[in-house]
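Colleague: I'd like a close look at the packing inside this one, please. Could you pick it apart around a single residue for me?

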Amino acid sequence: MSLDLLAGSTCESSANRRWKELIMKVTNKTILVTGANRGLGKALLEEALRRGAKKVYATTRGPFKHADPRVTALTLDQTDEIQIRQAANEVSDLDLLVNNAGVAHSAELIDVGVIQEHLDVNLLGPFRVTRAFSPLLKRSKGAILNILSLAAIAPVPIFAAYSISKAASHSMTQLFRAYLATHGVAVHAAFLGPVDTDMVRDIPMDKASPASVAAGIFDGLERGEEDIFPDSMAQALAEGWRRGIVKAVESQNAKYMPPETPGKDESFTRTFSVEQSPKEVFEAINDVRSWWTGDIEGSSGKLGDEFTYRYKHLHRSTQKLVEIVPDKKVVWRVSNAHLSFTKTPAEWNDTQVVFEIARKGDATEVRFTHRGLVPTFECFDACSGGWTHYIGSLKKRITTGLAQKE
Ligand SMILES: NC(=O)c1ccc[n+]([C@@H]2O[C@H](COP(=O)([O-])OP(=O)(O)OC[C@H]3O[C@@H](n4cnc5c(N)ncnc54)[C@H](OP(=O)(O)O)[C@@H]3O)[C@@H](O)[C@H]2O)c1
């Protein structure tokens, strides 16, 4: 590979051109901020509200309340895959994901456990969260903002494990940037100097206020800056960084994308967990009338059964049970579909609706997939919204035993 580093300015201008198309304004947007209960996350939440965000999902590990009706609290520990999926199931639209939550322990470069803990929270945490929410961002052509640190560029010895995790998180940010660019999702990094929060409370040094840093971060985002340097210590590095060798190599390397995986499944899918047993879940799924509102004719209990679902004049489809593994799996094949609100009303024909049930620890996990309902379908958005509603209804049926009432 030849690295045409002298062409840095050429790379920059084409990148800038692409970037201008992706500039995100906070006003009227739906935003999710992780770790929004204190420190910088709290300041980012307030700044997003101040700039006129339509809705802000504030994710926290503990209970959280906010007086502004635009704020919705969600429980999310970013080391907990199930909590992340549950939170993702609560969100139907998203324009901007802010990966803010993180930990930093002052520790020497000795302990593998400390490094693992930092990687779990600061690297794998944003990775898990990004993976869970990127389908929504692809749909909205939204953006991701990863809160990094100047320690990602050059390590700070008293924060050894933290520095490793932030450097790795920077690499992950660059990779998501390359991968998601083709989906119209912009991925930003914010490189922060010291900020006056609990994280560095005991370290004597100059620190910027969380409010000023939050404002600097959103200013950078709204200017369309790929890498944001929001405080005075960070700003001193911005120009050199943008014209430097690392950005030039990033630009070169971004061209080496793996080929698209043929047949990669982008079908609509949702997962949730309940306390009930797999048997109870299995029985609830087959009791279709109790959670799928509309007119249902036919039966849905054993292999080969068929039922036709109708909702007003809008939707008709026939589902045949083509696979059934008691307490583990149910698959329906769809035929006779007519979705009158689309120009291609038979789109659902030959798709499959799959329910997979698995015991995970003390909980039963239910994975719902409408295989074949992919983003290129005309009804993808509307049908995804419909399924999100009915999956909630199924969960309610499982956990309370109550049938859905329209
Ligand atoms: N402060 C600085 O000098 C500085 C400098 C550069 C970059 N940063 C970055 O700025 C971001 C915010 O840090 P901060 O200064 O605001 O720190 P902070 O005051 O210590 O707040 C950390 C936040 O992250 C949350 N969190 C920790 N572990 C979590 C987990 N496993 N799952 C979900 N949330 C978790 C905390 O929740 P709980 O309240 O439940 O613990 C809290 O909301 C971090 O990414 C940090 O690396 C900070």
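Which residues does Val 98 touch, not counting residues up to four places away in sequence?

Modeller: Before I get to that, bear in mind that this is a predicted model: local features need pLDDT of at least 70, side-chain atom pairs count only at pLDDT 80 or more, and totals for chains, interfaces and linings use all residues. Residues are numbered from 1 along each chain as its sequence is written. The pLDDT (the predictor's confidence in each residue, from 0 to 100) averages 90 over the chain, and 92% of the residues score at least 70.

Now to your residue. Leaving out residues up to four places away in sequence, Val 98 touches Ile 31, Leu 32, Val 33, Thr 34, Leu 44, Leu 145 and Ile 147. Touching here means that the C-beta atoms, placed from the backbone, lie within 7 Å.

As a rule, in soluble globular proteins, nonpolar side chains tend to be buried together.

Another residue worth a look is Leu 136, found in helix α4; helices (H or I, at least four residues) are DSSP runs, numbered from the N terminus. Leu 136 counts as buried because it has 20 C-beta neighbours inside 10 Å. Beyond four places in sequence, Leu 136 touches Val 91, Asp 93 and Leu 94. Leu 97 and Leu 136 are 39 residues apart in sequence, yet 9.9 Å apart in space, C-alpha to C-alpha.

The ligand has a shell too: 28 residues surround it, and the closest are Gly 35, Gly 39, Ala 101, Gly 102 and Thr 197. To be in that shell, a residue needs its C-beta atom, placed from the backbone, within 6 Å of the molecule. Helix α2 supplies the largest share, three residues.

One caution: over residues 1-17 pLDDT stays under 50, and the model has nine contacts beyond four places in sequence for that stretch. Where pLDDT is low, the predicted coordinates should not be read in detail.

How values were computed:
Helices (H or I, at least four residues) and strands (E, at least two) are DSSP runs, numbered from the N terminus. Two residues are in contact if their C-beta atoms, placed from the backbone, lie within 7 Å. A residue is buried if 20 or more other C-beta atoms lie within 10 Å of its own, exposed if 12 or fewer, and partly exposed in between; C-beta atoms are placed from the backbone.
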